[in-house]
Amino acid sequence: MDDEHTKDYREPCLVCSEVDWGLTDEGKFYCRSCQNVIERTKELDPEDVFCGSSSRISSISQSLRQKKKLERGREWMVCEAFQFILQKQASALLEMGVDPQFKDGVLLTFWRRYLQKSQQAYSRSPLRIQHQRIVSDCSESDSAPGSVLSGWSESDEVDTELGSVSGCRSPSSAVSSDVASVCSGSLDGGQYRSKARRCGMLMSLPMTLAFCHLSLLWLREPLALADLLRFVAAGLIPYVNVYQILPEEMRLFGQDLHIFRTESIPSHKSVQKEAHRVAVFLDLPRFPPITEDCFLHPSVLCIKYLMEANLPDELHSWVCRVISHTGMGKEAFLTYDPLHKKTQPLNYDIQAAALIIVTLKLLFKLDDKMECIYSTSTVSSQKQDCNWMTMPQKTSFSFRKWFKTVKQTLDEALEKEERDVARQSWKPYKPLYPSLKEKAVVLKRRRMVEHLQQHFQRLSGPAPDPPAPGGSSFVFSWGEDSAEQPCFHRHRVDAVIRDWPDSSRVSNTKYWHTALKSCEPQKCGLHFEMEEPVLPRSYLFVLSLFSFLLKVDVAKIHAEVCEVESRLL
């Protein structure tokens, strides 16, 4: 489109003498080579200008109003933007195959309850925010009277108790049309972080993931928090630079930048803590029970992580024994009840990993000695069983071979992750500016960056297109016939088990563990840094493996292992 308006202007640039002109957003000519902006503007067609005095005046006034409207956007509030973000995140999860009730059923009910509890909507006395008038030529409001986000979705509204509250108003209706915030693009962005509103439950971007996690937990969906954060990191769920998906009418600047701009993904612990705060604030009742047929039950969830870690399937029966002895499979222990004072947020995925690690310690000890002895005995027994006529149907599990295979795959995955992070462009394509005065400077810098990128691409050649991220909850894929990544799922663990007349018992008669002193989490931190130098290397490797799979700190998994051991011993 710029070439159509600049093709007739062939004057060279006064700075670099190049003839390569483009149009800015204001309609001025600029040099694409040196980014020099000149006073020449786009010319109008005479037939469009001299077509009658009345039509000319109306067209000019209409264009001025449209430009003024696009400059300022429409009046909107912070909770409206968060509602739009939640809607997009829910739509992304629906495309992955979650329950259709997730968006218009559970998540919508939680969101309405939050608006009511925070007195932002669905309340007889909605929270009013004081604003200052902008003393300028743009004090007249040209925004539409209705809100673009008046409805949650295009489908019919869901009938809930929150939707039938008398005197409920939309967030935009509590503000007059001729008032705007001086400090931000939104109406309440300037006072959103003030002391007057810190007493309530302020909405934030990590809270959007907390709402999604609570809704998934309520429906008992087969999607743990670690999987949710992995999909966020892969870009399948909008979160990083999420302000770019907001409508054009919602202009961000000033204090809005601190609310909606983020370039990092929250940790597993922070989202879990935020979800618990939200559940307590909303006074949510006891969640649906976690039974043995639910995906979040440890006996079912451990199957997934045994496959993910390339461990034998026979370990599952021993994991179930540990679950039975610790009582961690009971419905009362697994069901989340926010109103109970002693209830803490349950890390179902971390608990499943801790149960598998405790089982490995019971069978192989993981002290850098016994697992090697068992591996040597496994190789020697296989040589005795295998002659030139017969071959064993199932191979015995060797911890040494498993360690070499998984370590190589883990190192390659870590290197690939580092390369992907280094190549990832964290800068958004939609620039932000603190105020309208700095808009021209920010846009000029953006044009210069894009121009330099185009020059580097011409010199280095086109970059390869990154592979499209998949929606699978598995990180590794172990092939049955692969020589580089052999599969250990069908291997036996008979080398570490002794058969008794009544039952089977492990050959390992000793079990090591760290100090199982009970301490309060609020007063005492994690002791992993002090214990790490004396811990066996094989145990630390298993911790690092599950830390990579769950994207959780190693100290967090070690603390959960200690919690399982205190219940078991």
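This is a guided tour of the structure above, stop by stop, with something to select at each one.

Before you start, know that this is a predicted model, in which local features need pLDDT of at least 70, side-chain atom pairs count only at pLDDT 80 or more, and totals for chains, interfaces and linings use all residues. Residues are numbered from 1 along each chain as its sequence is written, and side-chain values use heavy atoms, with hydrogens and water left out.

**Stop 1: a pair of rings**

Select W512 and Y539. A pair of aromatic rings is described by the distance of the centres and the angle of the planes. Here the ring centres are 5.2 Å apart and the planes meet at 85 degrees, so this pair is edge-to-face. (Rings of Phe, Tyr and Trp, the last by its six-membered ring, pair if their centres lie within 6.5 Å; planes under 30 degrees apart are stacked, over 60 edge-to-face, and the rest tilted.) Which parts of the chain does the pair tie together? W512 belongs to the loop between strand 5 (504–506) and helix 17 (528–531), and Y539 to helix 18 (residues 537–550), so the pair ties together parts that are 27 residues apart in sequence. (Helices, H or I with at least four residues, and strands, E with at least two, are DSSP runs numbered from the N terminus.)

Are these two residues buried or exposed? W512 is buried at 17% relative accessible area, and Y539 is buried at 1%. (Buried means under 20% relative accessible area, exposed over 50%, and partly exposed in between, with a 1.4 Å probe and protein chains only.)

(A charge sits over a ring if NZ of Lys or CZ of Arg is within 6 Å of the ring centre and within 35 degrees of the ring normal.) For another example, select R321 and W318: the charged end of R321 sits over the ring of W318, 4.2 Å from its centre.

**Stop 2: a cluster of rings**

Now select F364, F397, F399, W402, F403, F488 and F541, which form one aromatic cluster. Across the whole structure, a search finds 19 aromatic pairs.

**Stop 3: a hidden space**

Next, select H213, A224, L225, L296 and Y348. Of the 13 residues that line the largest cavity, these lie nearest its centre. (On a 1 Å grid over the protein atoms alone, a cavity is a set of points where a 1.4 Å probe fits but cannot get out, and lining residues have an atom within 4 Å of a point.) The volume of the largest cavity is about 90 Å³, and the count comes to four cavities of 30 Å³ or more. (Grid points are joined across faces, edges and corners, and a volume is the space filled by probe spheres set on the points.)

Colour helix 6 (205–218) and helix 13 (348–364), the elements that give two or more residues to the lining of the largest cavity. Helix 6 gives the most, with three residues. The lining divides into eight nonpolar, three polar and two charged residues. (Ala, Val, Leu, Ile, Met, Phe, Trp, Tyr, Cys and Pro count as nonpolar, Asp, Glu, Lys and Arg as charged, and the others, Gly among them, as polar.)

Where does the largest cavity lie? Domain 2 (74–123 + 185–272) and domain 3 (292–381 + 395–416 + 472–568) both give residues to its lining, so the largest cavity lies between them. (The domain bounds come from an automatic or database domain assignment.)

**Stop 4**

Most residues other than glycine have a negative phi. Select D283, which has a positive phi of about 55 degrees although it is not a glycine. D283 lies in the loop between helix 9 (268–281) and helix 10 (298–308) and is partly exposed, at 35% relative accessibility. Then select L366, where phi is near 55 degrees. L366 is in the loop between helix 13 and helix 14 (370–385) and is buried, at 0%.

**Stop 5: brought together in space**

Finish with C294 and R220, which are 74 residues apart in sequence and 6.9 Å apart in space, C-alpha to C-alpha. C294 is in the loop between helix 9 and helix 10 and is buried, at 8%. For a contrast in exposure, select T509, which is exposed at 66%.

Terms used: 1 Å grid on protein atoms, 1.4 Å probe; cavity = no way out; pocket = protein on both sides within 12 Å on 5 of 7 lines; lining within 4 Å.
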